[in-house]
Amino acid sequence: MSQPEYTTAQATALTNHDRKPIHIPGSIQPHGILLALSNQLEILQVSNNTQVYLYKAPEELLGQPLSYLLEPQPVEIVKQCLVKKVGSANVFKVLINTLYGEIYFDAIAHRTEEAVILELEPTDSEFEMSFLNFHSFASEAIAKMQRTSNLGEFLHLVAEEVQKIIGFDRVMVYQFDESEAGSVVAEVKREDLSPYLGLHYPATDIPAQARELYTRCFLRFLPDLTAEPVKLVPTENPTTHQHLDLSYCLLRSFDWCCTEYHQNMGVKALLVISIIQEQKLWGLISCHHQTPKYISYEVRKMCEFLGQIASSELAHKISNSEWDYKVKLKSLQSEFLESISQADNFIDALIKPELRLLDLVSASGAAVCLDNEITLVGTTPNIDEVQALIEWADTQVSDNLFATDSLPKLYQEALVFKDTASGLLLLRISKIRRYYILWFRPEVLQTVHWAGNPQESMQAQADGSYTLSPRKSFEQWQETVRLTSLPWKPCELDSAIALNNAIVGIVLSKADELAKINLELERSNQELASFAYAASHDLKEPLRGIYNFSTVLLEDYAQVLDDDGMECLQTVVSLSVRMETLINALLRLSQLGQAQLRLQATDLNELLNQVIDIFRASRQDSGLADIRIPRPLPTVLCDRVLVNEVFSNLLGNAFKYNDKTEQWVEIGYFSQEEAGEQGSRGEVAVVSPLPLCPSAPLPLSHAPYPIFYIRDNGIGIPQHHLETIFRLFKRLHSQEKYGGGAGAGLAIVKKIVELHNGKIWVKSTVGVGSIFYFTLE
């Protein structure tokens, strides 16, 4: 049978086996008797061996009150079970008079949902073990366990102390793994027996129903696996007409599969003690004997008590063994999260220094994915493989945290990079954006030593199905496990979750800070715009007075003033005009800062024709301007008046700063189709400015929108001025050159473009010309 076939057959057979109602076998073991009682303590069912112990046939007891068999005091003890929770037991010694004399029994009474159950085991002692005797018997073993700090030594000591108490041939500590399979992690045995230490056992050996019963009942005792079970009379409870639930019964009989399994191991007597961690079954203390062997109830209770002490101490031993590692992870978390919270660049904070991200979960490689941007750290698959893995995770992984130590078994494509990523720990930071952190671990070949070939448990049936059957051999059988990494520890998963929570908290904190800053900036900008408007508006009145009085002096008092006086007044007039130009520019910018866009569908061809007509009318003395429009412009949603101002300023500058004999300006745009076509060829650029040609690649962030350009053959702009020319009052030449001006035109253009959520930039070559690009979004 191939491995996939075996896995499928195992799952099917195990499911079928788990459905077997082992808690209602309808029989008990023969070393005691059982009575099922109604709430009125009337005997409803008895085991079919009462004649052996009580010298009374079942028919004599059925229908009788419990007082028919017991004295008033033990009856009262049993009655107390009616007010206790299911499974809680009352334990006491009881004396029963029979035809052949008095017999002492260990009595265990407990309540189920439908009955009160009383189990009786004959005993040689009429006295219960005192606390002092119990303490002296167990205190030395407990002290030894508490003094041992090493986990392996502790588990061996547990097996050793239990073996001393019960004298069985073999005592093992058996630990379950995440798949419910298990292994022997400690063993004390008779010298002539084959060792089981280190051997693994499949989950089918202890099915889910059995594990669940071990979680509820901490001790299971089978003194003679060859004994015939004793049926209950009647088989069903006469009140409920159901089989009696024997989940909490010490005498509950055993399944035939359990019998055959252990007999194949040469075992005739069995004692199993549960080890519980955090309310889950961590493992078992499994005790084997080669011949039938009875242990008194008191000794069994002592073993159960040691099991509980072992469970309690185990938590400390595990904590001690993992404490240093957890402390290291916590320290890394603290340093890491502090650096993230203070960093301006999120990715830099995650991967620099690189080892911190890897050490956080003890990984050999990691990938940080923020939308389409992937950053690799350490030993990882390549970018394309990581991208494909994330796309798989998008559809297959629903949880924010996903971990596997065998990725190729879930994602076949991972076979290619198993050497670097057989193990995957994936953290989804955002469900809205594609934000992931992936950690990787390489393949680690492992040799697993099984107690016999686990596939022998699968028996094929005539109909093609598979059933569980006990293995015949428990000789060591080796299996090489491939395509797996070292497993991810719970504390490593906790570390990843802590990172996620911290990132979310930091992002929210940053968002709050940014919102406050934006609110303050918005308020400051409004105040600044209001101040600029008021200042520029109020300045115009005294400036106008200066201009008017200077003009009056020039006209009416020219004969009084000498040449120097006249020159000074003319300078005052000139400066007044210059000052008014600057104030008007400042006033225009402040108006734009408070303006509300009046968006409407605008035919840019019609708008541009108006701009050109006005421009040519103002240049009649300069001849016709060569304005080229390669193709009609589109219709866009914009503020018609403001966009008119954009084209007017850019067109005016194109001819103003031009010293060529034959001047020309070209006005055009890139369509969405052209942007998409260039992008599909991989030509879409991420940064601007663009090359000096109309067919230049488009900035990625603006590709969906038309990009307009105004190109000229003018004087050009030096490279180091390309970013500063959009500043207010920034001029590259003296006031006397190129017709003067306030140096505010490009600042106004930039402000209008940004009001339309657009962007403007320039590419230029000195002596060749310039090209201005802008978008209107």
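1. Ile273 has Ile285, in strand 13, as its bridge partner. The model in which this pairing is seen is a predicted one. Strand 12 covers residues 269-277, and strand 13 covers residues 280-289. The two strands run antiparallel and are paired over nine bridges.

2. The turn between these strands is the next point. Two residues lie between strand 12 and strand 13 in their hairpin, and Glu278 has a positive phi there, near 50°.

3. Strand 13 also pairs with strand 7 (residues 170-176); the two are antiparallel and six bridges join them. Within strand 13, Ser286 is the residue that stands opposite Met172. How many of the ten residues of strand 13 are buried? Nine of them are, so strand 13 is largely enclosed by the rest of the structure.

4. Gln277 belongs to strand 12. Is Gln277 buried or exposed? Its relative accessible area is 15%, and the cut-off for a buried residue is under 20%, so Gln277 counts as buried. A polar atom of the Gln277 side chain lies 2.5 Å from the backbone oxygen of Ser311.

5. Strand 1 runs antiparallel to strand 11 (residues 230-233), and two bridges join them. The bridge partner of Ser27 in strand 11 is Lys231.

6. Another open sheet has five strands, in the order 24-26-27-29-28, and its pairing is mixed.

7. Strand 24 pairs with strand 26 (residues 664-670) in the parallel sense, over three bridges. Arg628 has Glu666, in strand 26, as its bridge partner. Which helix packs on this sheet? Helix 18 (residues 640-656) does, touching strand 24, strand 26, strand 27 (707-712) and strand 29 (769-775). The directions of helix 18 and strand 26 make an angle of about 140°.

8. The aromatic rings should be read together with helix 18 and this sheet. The count of aromatic pairs comes to twelve. One of them is Phe647 with Phe774: the ring centres are 5.7 Å apart and the planes stand at 70°, so the pair is edge-to-face. Phe647 is in helix 18 and Phe774 is in strand 29, so to the reader tracing the chain this is a link between distant parts, 127 residues apart. Both residues are buried.

9. Phe670 and Tyr709 make an aromatic pair of the tilted kind, with 5.9 Å from centre to centre and 40° between the planes. This pair also links distant parts of the chain: Phe670 lies in strand 26 and Tyr709 in strand 27, 39 residues apart. Phe670 is buried, with a relative accessible area of 4%, and Tyr709 is buried, with 5%.

10. Last come the totals for the protein. It has 20 helices and 29 strands. Of its 777 residues, 45% are buried. The accessible surface is about 39400 Å², and carbon and sulfur atoms account for 53% of that. Among contacts between residues at least 6 apart in sequence, 67% join residues at least 24 apart.

Key
Residues are numbered from 1 along each chain as its sequence is written. This is a predicted model: local features need pLDDT of at least 70, side-chain atom pairs count only at pLDDT 80 or more; totals for chains, interfaces and linings use all residues. Side-chain values use heavy atoms; hydrogens and water are left out. Helices (H or I, at least four residues) and strands (E, at least two) are DSSP runs, numbered from the N terminus. Buried means under 20% relative accessible area, exposed over 50%, partly exposed in between (1.4 Å probe, protein chains only). Contact means heavy atoms within 4.5 Å. Accessible areas come from the Shrake-Rupley method with a 1.4 Å probe; for residues, only the protein chains shown count as cover. Two strands pair if DSSP finds at least two bridges between them. Axes are lines fitted to C-alpha atoms, for helices over the stretch in contact, and angles run from 0 to 180 degrees between N-to-C directions. A polar contact is a pair of N or O atoms within 3.5 Å; within protein, one must be able to donate a hydrogen and the other to accept it, and residues adjacent in sequence count only if both atoms are side-chain atoms. Rings of Phe, Tyr and Trp (its six-membered ring) pair if their centres lie within 6.5 Å; planes under 30 degrees apart count as stacked, over 60 as edge-to-face and the rest as tilted.
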